[in-house]
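Dear colleague,

I am handing over a structure that you have not worked with before.

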Amino acid sequence: MHHDASWGPLPPRSAFWLLIRFVLTVLLLPLWWALIVVIFLGFIAFGLVAEILTVIPGFEKGFLGLIDTFGDSVAVWPAWCVTLPELRHEGDAAFYRARVDKRIATWTSKELAAQKAKKAPPPGPHDVSVREYRGVGAGYVLEAARARGWELSHDRPSDPLRVVRLRRLPVTV
């Protein structure tokens, strides 16, 4: 197991600042989502017009790379927002333990269903954000995942203060 303190539970946040962040979330998150939709629609509009520019070598590859970068870097639930369950259950280890267990159980069932149907499993690595495990720590995520046949992803490293990236262990037949 990891003996680094960053893999343990994060300290509970101040109730006052959580409430402030919750109010700001209620006010600003819809604007954030609207901005994401407007930028996405802008990409589509530019893509329709830029169809003419595909005769330029590398333009299409660069444009698709820009869209991929945008999609990878923009979070639907940004780190600054606080949801009502987070506000109500700050510091409640049982709540976060149940969240982690549910997430890993869902991924495991999808992997097993794909294996049973002899189809390709869902693409990974699978990310568990700090929003889901802050009360129990990244170490608990790793323990719960290993119990169900998962391990840390080697493709993209985990940052226990932000995200734990998991991959399913290869199944031996």
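**Notes on the model**

Glu86 has its place in helix H3, which covers residues 84-88 (helices are DSSP runs of H or I with at least four residues, strands are runs of E with at least two, and both are numbered from the N terminus). Please keep in mind that this is a predicted model, in which local features need pLDDT of at least 70 and side-chain atom pairs count only at pLDDT 80 or more, whereas totals for chains, interfaces and linings use all residues. Residues are numbered from 1 along each chain as its sequence is written, and side-chain values use heavy atoms, with hydrogens and water left out.

With a relative accessibility of 2%, Glu86 counts as buried (buried is under 20% relative accessible area, exposed is over 50%, and partly exposed is in between, with a 1.4 Å probe and protein chains only). The side chain of Glu86 is joined to that of Arg131 by a polar contact of 2.4 Å, a term that stands for a pair of N or O atoms within 3.5 Å, where within protein one must be able to donate a hydrogen and the other to accept it, and where residues adjacent in sequence count only if both atoms are side-chain atoms. If neighbours within four places in sequence are left aside, Glu86 is in contact (heavy atoms within 4.5 Å) with Arg13, Cys81, Tyr96, Arg99 and Arg131.

**Salt bridges**

A salt bridge is taken as a side-chain nitrogen of Lys or Arg within 4 Å of a carboxyl oxygen of Asp or Glu, and by this rule the count comes to 8. One of them pairs Arg103 with Glu132, with the closest N and O atoms 3.3 Å apart. Because Arg103 lies in helix H4 (residues 93-116) and Glu132 in helix H5 (residues 130-133), this pair ties together parts that are 29 residues apart in sequence. Arg103 is partly exposed at 29% relative accessible area, while Glu132 is buried at 11%.

Asp127 takes part in two of the pairs described here. Its salt bridge with Arg165 has the closest N and O atoms 3.4 Å apart, and since Asp127 is in strand S1 and Arg165 in strand S3, the pair ties together parts that are 38 residues apart in sequence. In the salt bridge between Arg156 and Asp127, the closest N and O atoms are 3.5 Å apart; Arg156 sits in the loop between strand S2 (150-152) and strand S3 (163-168), and Asp127 in strand S1 (residues 126-129), 29 residues apart. As for accessibility, Asp127 is partly exposed at 28%, Arg156 is partly exposed at 36%, and Arg165 counts as buried at 14%. Elsewhere, a network of salt bridges links Arg13, Glu90 and Arg134.

**Helix H1 and the segment before it**

An unreviewed UniProt entry lists residues 16-49 as "transmembrane region", and such annotations may be inferred rather than shown by experiment. In the model this span is 100% helix and 0% strand, and its end C-alpha atoms lie 49 Å apart. Leu27 lies in helix H1 (residues 15-49) and is exposed, with a relative accessible area of 54%. Ser6, in the segment before H1, counts as buried at 17% relative accessibility, and apart from neighbours within four places in sequence, Ser6 is in contact with Pro160 and Leu161.

With regards
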